[in-house]
Amino acid sequence: MGTVVAVVIGLLVIGVAAWLLLRRRPVAQTPAEAEPIIEPPESTQHRGYSRPREIDREARRELLLLDEALHRRFFERAALPPDEWARIADGLVFIHDRLPTGLVLERFQAATGSVVSGPGESHHTARELFALLNERLAPERRMVLRLTLDEPVEADVWTQPAEDAG
């Protein structure tokens, strides 16, 4: 009886392992075939660039931790009164060169309400790309470069024009 149970458990384990292996998608061989890093929301699916579907969990976690560290560093360096901190905190946009192009485009669109199209790859750094896109906006809509941080990575901190005027 114990042998039968062990065989059944073994077959189940082999079956589950085979199912997991067979359901995997093939690995893309070229950048054009590469999967997007993050699945775009329905409203941004057809913006002229292909966004990576999903960053692996570790990369996503690292980007979130880096954004948190950049927020802390900004508020340490900016020496703002608490009421101004509260006013601008949610509108800050941090752009650093570890961001994939698709995420730079997404952050730009979210911050400016603009619809941009661009390639999934760019020869510009993330910071250069954001600045170039910003220059194409009407002057009254342009984001304002509030500060450039050097730690934990070099990053540009952008705010809305109305937020910078206060």
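## Aromatic pairs and sheet

The predicted model has 5 aromatic pairs, where rings of Phe, Tyr and Trp (its six-membered ring) pair if their centres lie within 6.5 Å, and planes under 30 degrees apart count as stacked, over 60 as edge-to-face and the rest as tilted. Two of these pairs, including Phe74 with Phe94, are tabulated here.

| Pair | Geometry | Centre to centre | Angle between planes |
|---|---|---|---|
| Phe74 and Phe94 | edge-to-face | 6.3 Å | 80 degrees |
| Phe130 and Trp158 | tilted | 5.1 Å | 45 degrees |

Because Phe74 lies in helix 2 (residues 57–78) and Phe94 in strand 1 (residues 93–96), their pair ties together parts 20 residues apart in sequence. Helices (H or I, at least four residues) and strands (E, at least two) are DSSP runs, numbered from the N terminus. Phe74 is buried, at 1% relative accessible area, and Phe94 is buried at 3%; buried means under 20%, exposed over 50%, partly exposed in between (1.4 Å probe, protein chains only). Phe74, Phe75, Trp85 and Phe94 form one aromatic cluster.

Phe130 belongs to helix 5 (residues 126–135) and Trp158 to strand 3 (residues 155–159), so this pair links parts 28 residues apart in sequence. Both residues, Phe130 and Trp158, are buried.

Strand 2 and strand 3 are joined by 5 bridges, and Leu149 stands opposite Ala155 in strand 3.

Residues are numbered from 1 along each chain as its sequence is written, and side-chain values use heavy atoms, with hydrogens and water left out. In this predicted model, local features need pLDDT of at least 70 and side-chain atom pairs count only at pLDDT 80 or more, while totals for chains, interfaces and linings use all residues.

How values were computed: Pairing = 2+ DSSP bridges.
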